[in-house]
Structure formats: C-alpha cells, structure tokens
Amino acid sequence: GLLIVIQVLALIRRVEKTNRDLARFLDAIEFDDFTQSFANVRGGGSFHELRTSFSKVMRKFQGARSEKEAQFLYLRRVVQHVETGLIAFQPDGTVTLINDAAIRLLYPTYDNPSKMPAPPTHLRMLPELLATHLRSMQIDERELFRFTNGDETLHLLLHATRFMLREKLYTLVSLHNIRSELDRQELEAWQKLARVLTHEIMNSIT
C-alpha cells in the first residue's frame, strides 16, 4: 500500500510538472517569448521527447521572428533611402510612417541631419494646408499641390493609395518635389524665346 501511494504521488508530480511545462510553452507563444528552453529539463522516455519537441518549436518560432525583424529593417532602410517623400496615416490622422525625404521637404531650414526635428506623429503637426489636402485626396490620382512653407514655395506632385493591414485602414501618400523640373522647363522656355527673338531681331537688322 505504501508503494502504491508513493507511485501515485510520483505520477501526480510528473503530470503536474508536464502540465507546467506545457503552460510555460503556451505562455511563451502567447507573449512572443521565444527564449524559453526545454531541452535541459530532466525526464525520461516520452517526456523527454515532448520537451525536445517543445524546444524545436521554439527554435522555429525564434527563426521566423528573426527573419521578420530582418525584413522589417531591410524595408525600413529602403523607405528611408528613397528620395521621394512618403507619409502613411490612419483615418484618425495618426502618422504611422514618414521618411527622411518627407521631413526634408517639410522642414527645409534644417540642413544638418543631426538637428532634424522629431518626426510628426499626427497630421495636425504638419502645415495646416497640407494636412487638410492630404485628408481630402482622391485615391490613385496624381495631383499637383503648391503651398508656401516658411520662405519657400513648394510644388509637390502627390499620389495617394489606401490599403488594409491587420484590419486597419492606412493611406499612403508620396510627395515628389517637382520644383527643379519646373525650373528646368521654365529655363528651356526662356531659352527658346530668346532664340526666337534673336532670330527675329537678326532678320529685322538684315
């Protein structure tokens, strides 16, 4: 009878330990804590195989998470590298993404990157005229927008699109400063006019 009692207590203890390991495994998945390890936990037979399987699943999750973080850093670096300004925001005006090119357009007086202001977190932190226009933009249409930012007049080509991500709606707007293109076209127009006038003047002189 004493032996049976000891065996029952040992069995209960083993089952409770296995249940605790299972609960720890499920909690780690729920809270994205993939640093848990089950490989060195004592136990024989099928219990050892179970904990080994737990460890393999943890390593799989950890590898998938590392790959996701690497892809996120890669895409973030690409977004920050492009010369076109990008702003993404939610319907309530919360800005979820803004790259360096957009900040340089909005704050042209900050030449030193180390002194750039903190990225805006809401559309109300942008120039009022621009923020209002961003909210009212038509999707998948290109619009030419001009506004004065400080002492500089910006000519922006805007293009907006919307998408759903994890049941949340986002609007992504690209801002391309076409001032240089306009200046180049204006210069070419003046050059053509000068050639025409020169030709007419030379004809008159002749």
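A residue is called buried under 20% relative accessible area, exposed over 50%, and partly exposed in between, with a 1.4 Å probe and protein chains only. The structure is a predicted model, in which local features need pLDDT of at least 70, side-chain atom pairs count only at pLDDT 80 or more, and totals for chains, interfaces and linings use all residues. Residues are numbered from 1 along each chain as its sequence is written, and side-chain values use heavy atoms, with hydrogens and water left out.

The protein contains 5 helices and 5 strands, where helices (H or I, at least four residues) and strands (E, at least two) are DSSP runs numbered from the N terminus. Their order from the N terminus is α-α-β-β-α-α-β-β-β-α. Of the 206 residues, 24% are buried. Among contacts (heavy atoms within 4.5 Å) with a separation of 6 or more, 38% link residues 24 or more positions apart. The accessible surface, computed by the Shrake-Rupley method with a 1.4 Å probe, is about 15,200 Å², and carbon and sulfur atoms contribute 57% of this area.

Strand β1 (residues 85-89) is mostly covered, with 5 of its 5 residues buried. In a regular strand, side chains alternate between the two faces of the sheet. In β1, Gly-85, Ile-87 and Phe-89 are buried on one side, and Leu-86 and Ala-88 are buried on the other. Two strands are taken to pair if DSSP finds at least two bridges between them. β1 pairs with β5 (residues 168-177) in the antiparallel sense over 5 bridges, and is joined to β2 (residues 95-98), also antiparallel, by 3 bridges. Ala-88 has bridge partners in both strands: Leu-172 in β5 and Leu-97 in β2. β1 and β2 form a hairpin with 5 residues between them, and Gly-93 in the turn has a positive phi of about 95°.

Phi of Arg-166 is near 55°. Glu-167, in the loop between β4 and β5, has a positive phi of about 65° although it is not a glycine. Arg-166 is exposed, with a relative accessible area of 77%, and Glu-167 is likewise exposed at 77%.

A nonpolar surface patch is formed by Ile-4, Val-5, Val-8, Leu-9 and Ile-12, with about 460 Å² of accessible area together. Patches are made of residues with over 30% relative accessible area and no salt bridge, with like charges joined within 9 Å and nonpolar side chains (Val, Leu, Ile, Met, Phe, Trp, Tyr) within 5 Å; a salt bridge is a side-chain nitrogen of Lys or Arg within 4 Å of a carboxyl oxygen of Asp or Glu. Leu-9 lies in helix α1 (residues 2-30) and counts as exposed because its relative accessibility is 54%.
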